[in-house]
Structures are given as C-alpha cells and as structure tokens.
Amino acid sequence: MITVITPDNKNVTNEDAPKYQIQTRLTDFRLLNSSAGLAWGVTRNELRMYMTLDNGKTWANISPATNVQFLTNPVYGKEIFFTDPGNGWIIRSSFGTTETVVLRTRDGGHSWQISAFPDSNELSAIYFSSPADGWLMTRWGASSNKENKALYATKDGGATWNQVMQNEQYNPNLPNTSIPLAGVTTGMIFNDADRGFVTLQTGALPKIFMTRDGGASWVPGPEFLVNDSFAGCDRVVTGIPEFFNENATGGWMPVGCQKEKEGSMIYNGYFTANGGENWKFTAFGRPAQSGVNRHLTPDFLNSRVGWSLEGNVLYKTVNQGQSWTALPPSSVLQSKLLEYPEIVKLQFITDDVGWLLIAKEEERKSILLQTTSGGVSWRVM
C-alpha cells in the first residue's frame with residue numbers, strides 16, 4: 001500500500017500535506033535514477049500514475065485527467081516513456097470512436113498536454129533519446145511472425161509527429177530501406193537523434209535492424225548465429241535492447257531458448273561494447289525455468305553486474321554471467337513471494353537500489369518491493 005502525498009504548488013512536500021493510500025493494483029513501474037521512480041495501474045479505465053523522488057518515502061499522484069480513458073494497462077517502452085523525472089510521455093491507444101493521443105509532461109506530471117497522433121493502429125514501441133527527439137512504432141496486419149510497420153518521429157517533444165518509414169509496399173526482391181514485414185517488433189532504442197535499433201522476433205532466430213538517419217532508412221544488423229545454447233530450442237526469443245550509459249557504447253539484450261513441450265525457458269545474453277555495431281553471445285549457465293515466471297529475464301546494470309531471480313532466490317553476477325552467486329535469503333522477499341507468486345518486473349538502477357513488482361493475478365493484487373542493499377534485504381514500499 002503506497003502512501004501518496006499531495007505536494008504543494010512548489011513541488012515541496014511537508015509533513016502536513018494530505019496523505020492517502022492508493023487502491024490501484026500496480027501493473028508496471030520504472031526506476032528513473034537512484035531516488036526517482038514511477039509506478040502505475042488502471043482502475044475503472046483511469047490511469048493512476050505515481051512518482052517518488054526520495055526512494056519511495058513519499059509519492060505524488062501524477063495521473064493525467066480522468067476523462068482520458070484507458071482500456072488496457074500501459075507498458076513501459078510501448079505506451080509510456082520518461083527520459084528523466086521531469087519529461088515523460090503516455091500514449092493512449094485508439095478504441096471505439098476515440099483517437100490515439102499523446103500526453104506529454106515537462107514538469108514531472110503536474111500538468112499534461114495532449115496532442116493528436118496520425119495513426120490509429122496498434123502501438124508496438126516508443127523511445128525518446130532526449131526531451132525533444134522521440135519515435136513511435138505502430139503495426140497492423142500482424143500474425144505470429146510478420147506485421148506491417150510504420151515509424152513516426154517527433155522533433156518537438158511529441159507535439160507533432162511525422163511518418164518517417166512504413167513498409168506496406170515492401171518488396172523483398174527490390175532494394176528497400178524500410179524494416180521488412182517479416183518479424184514482429186520486440187524492441188526499439190535510439191542512441192541519439194540519428195542512430196537507432198529495432199529488434200524483431202522471427203520464426204527462428206531474432207533479427208536486428210539499424211538506422212543512421214533518424215529512422216528514415218534501415219539496414220540489417222549483424223546476424224545472430226546458431227550456437228550450441230540454441231540446440232533443441234523450439235523458439236529463440238529476445239528482449240528489448242538496453243544501453244548502460246549516456247554515451248551508449250555498452251549494452252545488452254536477453255535471449256531466451258524456449259522449449260514448448262517442457263514449458264521452459266533458458267536465458268542468456270547478447271552484449272555490445274561498440275554501440276550496437278556488433279553483439280557477442282554470452283552463455284549464463286543458468287538452469288531452465290518453468291512455471292508462471294519462466295519469461296522473467298535477468299537484469300543487468302552494466303556489462304558485468306546483473307541479477308537473476310529464480311524461484312525465491314536472487315542470484316548476482318559480477319562477470320557478465322560467467323558465474324552467479326546466490327544472495328543470502330531475504331525473509332521479506334521469500335514470504336511475499338509465497339503470498340504473491342507472480343513476478344511482474346525486476347529492475348536495478350544502481351549496485352544497491354532495485355525494485356521488484358510481484359502479483360497475485362487471481363485476486364488482482366500486487367505489491368512493490370525495494371532493496372537498497374543490492375538485493376540482500378527487501379522492504380515493502
């Protein structure tokens with residue numbers, strides 16, 4: 001139960017500020033720095049979003065107006081994105097007679113502006129490389145391994161959007177600079193206003209496409225090669241690529257070996273040290289995971305340090321997954337996982353600070369946990 005304060009006009013909190021406990025079931029979160037983070041959920045078609053600037057001690061309600069209705073729970077990187085605690089965007093998808101709209105804030109959610117978006121198709125990815133430069137990908141005509149794709153860019157922080165790429169007329173037999181129909185978009189990231197990447201899930205191995213002109217033209221990235229870790233996989237799946245630092249040279253993306261009959265997943269990683277020009281496969285040597293949490297990927301802070309939650313045990317690596325050490329058991333973490341067995345998300349923002357969202361889906365309940373000791377001890381936020 002997060003206690004929300006009502007800040008005054010100067011965004012300064014005090015002990016006398018009105019307080020209330022939120023009743024919304026949280027469905028996603030995002031840490032923005034070592035002390036600031038967001039958490040949100042949808043109740044009665046209203047998006048309830050909360051921000052903390054002091055490591056969860058106090059929270060402010062930064063929800064947009066209730067007349068902007070949401071039929072589904074927005075997901076970070078697909079309908080929500082923040083570059084920092086001040087600048088953020090929420091995309092409300094079209095439904096019925098309502099249009100897709102872009103909500104944008106410059107003051108940490110105290111006020112939201114609305115702008116139109118010229119496409120009513122399903123959203124597949126959002127990314128901003130700065131408070132001014134952003135991209136939105138939409139899709140239509142989708143199947144399990146292909147989709148039409150359109151990419152829109154903004155140079156004014158989301159006030160106006162222009163289509164920079166679409167592949168409806170894509171012909172694989174002709175020279176083409178768009179992202180192909182084959183493959184379902186799994187992630188999008190831009191290092192700066194010009195250089196970006198899109199990852200695609202295909203029937204077998206994932207693919208990556210790169211742009212050097214802000215998304216107008218795309219070329220295939222390095223091939224992901226078959227290796228022994230993929231032997232026996234029914235499907236190889238990737239997660240969203242992430243870069244670790246502001247100059248965006250080091251980064252990684254999870255890659256999973258899915259086995260349908262066993263209902264299991266084994267995650268390893270691809271790492272880059274040159275801004276995504278090349279990716280190196282790294283085997284983590286972790287056992288196969290099954291059950292409701294088998295799709296939970298490890299979380300890496302940088303090219304060496306990462307965490308993997310398996311069952312109720314948290315493991316840490318300091319050598320890019322070559323070896324993993326089980327952290328001492330946390331009584332809070334273990335007891336709460338018994339009560340809320342579904343792991344929604346794990347994210348570390350520093351070597352010490354991390355958040356964990358866990359849920360009990362049949363009762364539509366969730367709680368947010370925090371560690372400030374690198375995963376050794378946890379508390380309910």
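Leucine 369 stands opposite valine 380 in β32. Strand β31 (residues 365-371) pairs with β32 in the antiparallel sense, over two bridges; pairing requires at least two DSSP bridges between two strands. Strands (E, at least two residues) and helices (H or I, at least four) are DSSP runs, numbered from the N terminus. The model is predicted: local features need pLDDT of at least 70, side-chain atom pairs count only at pLDDT 80 or more, and totals for chains, interfaces and linings use all residues. Residues are numbered from 1 along each chain as its sequence is written, and side-chain values use heavy atoms, with hydrogens and water left out.

The open sheet that holds these strands has four members, in the order β29-β30-β31-β32, with antiparallel pairing. β29 (342-348) and β32 (379-380) are the edge strands; each has a single partner, so one side of each lacks a neighbour in the sheet. Helix α1 (residues 331-339) packs on the sheet and touches β29, β30 (354-360), β31 and β32. Contact here means heavy atoms within 4.5 Å. The direction of α1 makes about 30° with that of β30. Axes are lines fitted to C-alpha atoms, for helices over the stretch in contact, and angles run from 0 to 180 degrees between N-to-C directions.

Strand β8 (residues 88-92) is mostly covered, with five of its five residues buried. Buried means under 20% relative accessible area, exposed over 50%, and partly exposed in between (1.4 Å probe, protein chains only). In a regular strand, side chains alternate between the two faces of the sheet. In β8, Gly88, Ile90 and Arg92 lie on one side, Trp89 and Ile91 on the other, and all are buried. Three bridges join β8 to strand β7 (residues 80-82), antiparallel. Glycine 88 is the bridge partner of phenylalanine 82.

The largest nonpolar core has 61 residues, of which Met49, Phe82 and Met188 touch the most other members. Such a core is a set of buried Ala, Val, Leu, Ile, Met, Phe, Trp, Tyr and Cys residues joined through side-chain atoms within 4.5 Å. Strand β11 (residues 122-128) gives the most to this core, with five residues. Leaving aside neighbours within four places in sequence, the contacts of methionine 49 include Trp40, Ile80, Phe82, Ile90 and Trp112. Another core, of 18 residues, lies apart; among them are Leu296, Leu309, Ile343 and Leu369.
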